[in-house]
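The notes follow the order in which I went through them.

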Amino acid sequence: MTTRFDKLGVVIAAIVAYAAFAAPFATLRANRIVPGEARSILEALPPTLGPLLLAVVVVAAVVALLKTPLILRLAASVVALAALALLIGVAGGFLTPEGNSFARISPASGFWLLIFAFTLLLADGLTRLNLSPSARIAVLVVTAAAIGMLLVSGSWNSLSILKEYANRADSFWAEGSKHVTLALGSLAAAVIAGLPLGILCHRVEKLRAGVLNVLNIIQTIPSIALFGLLIAPLGWVATHVPGAASLGVRGIGTAPAFVALFLYSLLPVVANTVVGLAGVPRAANDAARGMGMTERQRLFSVEFPLAFPVILTGIRIVLVQNIGLATIAALIGGGGFGVFVFQGVGQTAMDLVLLGAVPTVALAFAAAIILDAVIEMTSTRRREAQPA
Amino acid sequence: MIEIEGISKRYDATTVVDDVSMVIEPRTIAVIVGTSGSGKTTLLRMINRLVEPTAGVIRLDGADNRSLPGYELRRSIGYAIQGHGLFPHRTVAQNIATVPVLLGWDAARIKRRVDELMTLYQLDPQAFGPRYPHELSGGQQQRVGVARALAAEPNVLLMDEPFGALDPIIRNKAQEDLLAIQKRFGTTIILVTHDMEEAVHMGDKIAVMDAGKLVQYARPAEILAKPASAFVETLVGASEKPFRLLSLGRVRDAVETGAAEGEAIPADTSQRDALAELLWSGRPALPVTGADGKPLGRVTVDGLVKRAARPT
């Protein structure tokens with residue numbers, strides 16, 4: 001036997017086999033809240049396209065299963081993903097009964113599993129390519145552009161998520177910008193407050209344990225509880241501090257959400273600043289002082305550049321965490337994509353939940369890729385710089 | 001000239017440096033020797049005020065070293081440490097330029113000085129200037145560390161075990177380089193080490209420290225001949241004494257008239273190496289030649305053995 005199987009390929013092939021032949025490809029519902037009827041690939045697509053899609057995913061799965069050249073695996077995953085992305089739109093149009101605007105077609109578990117399997121294959125291939133940070137960002141941009149083009153072209157318009165979007169286009173972008181503002185704003189505030197606090201903790205040893213423990217405890221408070229705890233003090237501030245209310249400080253709404261996200265962000269920023277500064281070689285610090293750098297010169301030209309990649313890692317954790325956590329802000333009227341999630345849960349309209357969840361996940365994913373690339377770019381020199 | 005007067009450093013109840021006074025003549029090398037915890041590094045760090053003394057005064061060319069802010073004082077004094085302390089995120093050229101940049105030299109002058117020092121240390125400025133410290137060998141890193149300390153043409157250079165991390169062969173070379181550069185620039189060097197061999201080799205004067213006190217401060221020959229205490233005696237190493245004494249002198253000073261068979265010894269070889277050569281070759285005498293290759297006379301085992309005896 002000369003044929004050998006790729007380990008990850010076995011998993012991918014198994015998922016594809018189940019998803020393509022046993023799981024439903026699309027769900028058809030008479031309206032947006034009733035349970036739906038499952039449709040397989042062959043049922044969901046026109047007679048020519050159904051077998052074609054099956055053929056594509058099976059061939060791609062075989063490519064994944066066997067030990068094949070990297071370039072072939074990448075091509076297979078891209079072709080399969082593109083076919084799935086295009087044909088789910090076709091399925092939407094094919095399944096919608098003529099002139100019926102209440103019916104909802106949504107991708108079902110089979111579709112999502114196929115997407116998952118081939119994304120896994122693509123990610124594995126890209127990892128093996130060992131792409132440079134800028135190339136990774138380029139791949140991200142191309143992917144985003146491709147998805148953007150599909151959205152603009154209208155080929156997905158017959159799908160249920162986009163029907164929910166069409167009904168809420170204005171509020172979608174408003175909540176989206178609120179979401180991003182909340183996540184980035186609290187991150188910026190945490191960096192502005194956390195960096196000096198981290199430097200202080202590094203310099204003053206007595207402060208370190210205390211500050212880090214307090215931040216640790218804050219981190220363990222469940223987010224909903226923290227929102228609740230903030231209502232009273234912020235309400236008090238709004239009524240007693242002149243000008244606070246006009247700035248938007250209130251017991252509920254954006255203010256407590258912002259404060260809570262800020263508090264959650266502090267620990268990673270402060271802890272990583274402390275760790276980063278502690279990792280600066282002693283001899284470099286001693287030499288910097290011995291050659292006549294002032295404390296400030298030493299901080300900015302020796303300690304900070306050397307600690308920067310570690311601090312950036314903390315910022316990455318915070319950004320990804322905040323994009324996810326900002327969803328909960330909707331609970332207390334803080335806005336963001338969470339609004340759709342909670343409305344959807346309230347109406348048992350899964351499509352509406354997805355309208356909130358999918359962009360959140362995409363944002364967090366993109367933020368992680370971009371910041372990972374930036375960290376790698378800044379730390380290349382540092383890693384080389386570690387004494388051998 | 002560096003005058004240290006009644007310098008002490010106490011941390012709470014422990015006295016690290018206890019009432020030390022010594023004078024270091026300009027253009028000489030003073031080596032501070034001691035075991036770990038003897039306070040030798042603290043004494044060194046009080047000269048450029050990385051450590052502030054509890055009592056006493058240190059004067060550099062007559063001026064109290066507290067008459068300037070600490071960081072300005074330190075810019076005027078070279079500083080090289082064990083493990084070199086190079087900045088890992090800066091290139092070799094940037095590392096060497098550290099103090100000139102702090103002093104605000106113009107770019108052309110900095111580049112000239114960096115190139116000069118790198119050439120002096122046998123590092124090609126084109127090839128090594130843009131590299132990062134981790135791309136260099138240990139010996140090269142050490143040279144860059146010393147070049148960086150010398151960049152702003154300081155009159156005084158403080159060195160804290162600068163050769164401690166080097167292997168014996170590279171250490172020897174580094175010591176010779178430092179001696180040559182000290183002669184060339186006339187820098188006053190204060191060097192801290194725990195290695196008596198290095199102290200005897202490098203020092204115009206040796207200061208022996210024990211438990212914070214300056215036990216003896218004298219020329220190497222005197223330290224070897226008349227150790228002030230049992231501690232100095234141990235540090236010198238009883239069995240090593242005659243050889244260390246010989247290592248201070250050159251063959252030039254031990255030449256006797258007469259001829260001898262065998263391979264000639266250059267006149268600037270140390271007497272210790274000459275004795276080793278005589279013993280190894282099994283001959284009682286060997287001819288000596290000057291730098292120009294002319295015979296000067298001979299050196300004998302008997303003559304060297306007499307010189308290795310305790311001076312009276």
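**Ground rules.** I worked on a predicted model, where local features need pLDDT of at least 70, side-chain atom pairs count only at pLDDT 80 or more, and totals for chains, interfaces and linings use all residues. Residues are numbered from 1 along each chain as its sequence is written, chains are lettered from A and ligands numbered from 1 in the order in which they are written, and side-chain values use heavy atoms, with hydrogens and water left out.

**Cavities.** I took a cavity as a set of points, on a 1 Å grid over the protein atoms alone, where a 1.4 Å probe fits but cannot get out; lining residues have an atom within 4 Å of a point. Grid points are joined across faces, edges and corners, and a volume is the space filled by probe spheres set on the points. I found two cavities of 30 Å³ or more.

I looked up the largest cavity and noted a volume of about 50 Å³. Its lining consists of A:Met291 together with B:Arg74, B:Arg75, B:Ile77, B:Gly78, B:Tyr79, B:Val99, B:Arg148, B:Ala149, B:Ala152 and B:Pro154. In chain B, α2 (70–75), β6 (77–81) and α7 (138–150) are the elements giving two or more residues to this lining. I use DSSP runs for these names: helices are H or I with at least four residues, strands are E with at least two, and both are numbered from the N terminus. The most comes from β6(B), with three residues. I sorted the lining into seven nonpolar, one polar and three charged residues. For the classes, Ala, Val, Leu, Ile, Met, Phe, Trp, Tyr, Cys and Pro count as nonpolar, Asp, Glu, Lys and Arg as charged, and the others, Gly among them, as polar.

The second largest cavity has a volume of about 40 Å³. I listed B:Tyr79, B:Ala80, B:Ile81, B:His84, B:Gln142, B:Gly145, B:Val146, B:Arg148 and B:Pro162 as its lining. Here α7(B) gives the most, with four residues. By class I have five nonpolar, three polar and one charged.

**Second largest pocket.** A pocket is an open set with protein on both sides within 12 Å along at least five of seven lines. I noted about 770 Å³ of space in the second largest pocket. Its lining has 26 residues, and B:Glu176, B:Leu179, B:His201, B:Met202 and B:Arg250 lie nearest the centre. At least two residues each come from α8 (168–185), α9 (196–202), α12 (241–248) and α13 (271–281) of chain B. The most comes from α8(B), with eight residues. The classes are six nonpolar, seven polar and 13 charged.

**Helix pairs.** My axes are lines fitted to C-alpha atoms, for helices over the stretch in contact, and angles run from 0 to 180 degrees between N-to-C directions. Angles under 35 degrees count as roughly parallel, over 145 as roughly antiparallel, 65 to 115 as roughly perpendicular and the rest as oblique. A crossing is left-handed if the near helix is turned anticlockwise from the far one by less than a right angle, and right-handed if clockwise. Contact means heavy atoms within 4.5 Å.

I began with α4 (residues 70–95) and α5 (residues 109–129) of chain A, which pack at about 150° with axes 9 Å apart. α4(A) is therefore roughly antiparallel to α5(A). The crossing of these two is left-handed. Among the contact residues are A:Leu74, A:Leu81 and A:Ile88 of α4(A), and A:Phe111, A:Phe118 and A:Leu122 of α5(A). I count 15 nonpolar, three polar and two charged in this contact.

Next I took α10 (residues 223–240) and α11 (residues 254–278) of chain A, at about 120° with axes 9 Å apart. That makes α10(A) and α11(A) oblique to each other. α10(A) passes α11(A) in a right-handed crossing. The contact includes A:Phe227 and A:Leu230 of α10(A), and A:Val259 and A:Tyr264 of α11(A). Its residues are ten nonpolar, one polar and no charged.

Last, the axes of α12 (residues 282–290) and α13 (residues 295–325) of chain A come within 10 Å and cross at roughly 140°. This pair, α12(A) and α13(A), is therefore oblique. α12(A) passes α13(A) in a right-handed crossing. I noted A:Asn285, A:Ala288 and A:Arg289 of α12(A) against A:Glu295, A:Arg298, A:Val302 and A:Glu303 of α13(A). They divide into two nonpolar, one polar and four charged.
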